[in-house]
Amino acid sequence: FPSHDMKVSESLLKAGAHVTLLSRGVTTFDKGLYNLIYSGDSIYAANARLVCVDLSKTEEIDNFVSNHIDTGVDGVVNAAGIASVMPLKSISVDDINKLLQINLISPILLIRSLLKRKLIKKNASLVFISSINETAVGSKAHTIYAASKGGINGFVMSLANEVSKQGIRVNAIAPGMLKTNLMEDVKVIVSSENMDDHISDYPLGVGSPNDIAALSMFLLGEQSTWITGQAIVIDGGYSIT
């Protein structure tokens, strides 16, 4: 359950939205957000529901859409994803398939299932979390990750055209380095020293999940009704250095 997705969910709940949150299991659900929703005096419990879905399994996606989405959605944020930091010659076929399944194929299948059942409302907004890898830069040892995000960006552009007559907007957010658990995982692989060197290339420093949540809220809201088919880079100036 990515940190930026937690912040988007929290922001939506505080804005009064009805939110369905997907997670592989309760153990992957953010404790702070869980308490926000399910604590005894929570004012958000009535507007939120947590559904456990493994987005790598097509049958679970279809079951979720059939059983939990009945009145249609005004917006979707696709933030599920995994990263791989490994030279192409060293990555296994199983790792390639897993990364492409979670980062690219699963989001496509989720939106396909919603569209087939006409559950995306007119003038809805769909937001996909992409990456500056492929969008603005090409980082070493990120080949398959970049390929998956490049696929998302291509999907966003074409889908935006496909659903435009219904007023549905489709955009991607392409973040740079964020202060998340994923950053800590990568630090273990590349070493703290190399990570510090990389961070020094960000003119405004690394970002936080709050930055992605703010842009997501903008793209979901009425202020962005003339924006579609875009991959918006948000990277603290990294791509201009």
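The legends below describe close-up views of a predicted model.

**View 1. The buried side of helix 3 and its packing partners.** Within helix 3, which spans residues 58–68, the buried residues are Ile61, Phe64 and Val65. Because these residues cover an arc of only 90° around the axis, they lie on the same side of helix 3. The elements against which the buried residues of helix 3 pack are strand 1 (19–23), strand 2 (48–52) and helix 4 (93–116).

**View 2. The largest nonpolar core.** This core holds 28 residues, of which Ile111, Leu114, Ile120, Leu126, Phe128 and Val170 touch the most other members. Two or more residues each are given to this core by helix 3, strand 3 (73–78), helix 4, strand 4 (120–129), helix 6 (143–162) and strand 5 (169–175). Apart from this core lies another, made up of 21 residues that include Val8, Leu13, Leu33 and Leu178.

**View 3. The surroundings of Leu126.** When residues up to four places away in sequence are not counted, Leu126 touches Val76, Ile111, Ile120, Leu159, Ile168, Arg169, Val170 and Asn171. Among these contacts, Ile111, Ile120 and Val170 are, like Leu126 itself, listed with the core residues that touch the most other members.

**View 4. The largest cavity and its lining.** A search of the whole structure finds one cavity of 30 Å³ or more, and the largest cavity contains about 40 Å³ of space. Its lining consists of Asn78, Ala79, Ala80, Asn103, Pro107, Phe128, Ile129, Lys149 and Ile152, with helix 4, strand 4 and helix 6 as the elements that give two or more residues to it. Sorted by class, the lining of the largest cavity comprises six nonpolar, two polar and one charged residues.

Conventions:
Residues numbered from 1 in each chain as written. Predicted model: local features only at pLDDT ≥ 70, side-chain atom pairs only at ≥ 80, totals over all residues. Heavy atoms only, no water. Buried < 20%, exposed > 50% of the residue type's maximum accessible area, 1.4 Å probe, protein only. Helix = DSSP H or I, 4+ residues; strand = E, 2+ residues; numbered from the N terminus. Arc of directions from axis to C-beta. Contact = heavy atoms within 4.5 Å. Core = buried A, V, L, I, M, F, W, Y, C linked by side-chain atoms within 4.5 Å. 1 Å grid on protein atoms, 1.4 Å probe; cavity = no way out; pocket = protein on both sides within 12 Å on 5 of 7 lines; lining within 4 Å. Points joined across faces, edges and corners; volume = space filled by probe spheres on them. Nonpolar A, V, L, I, M, F, W, Y, C, P; charged D, E, K, R; others polar.
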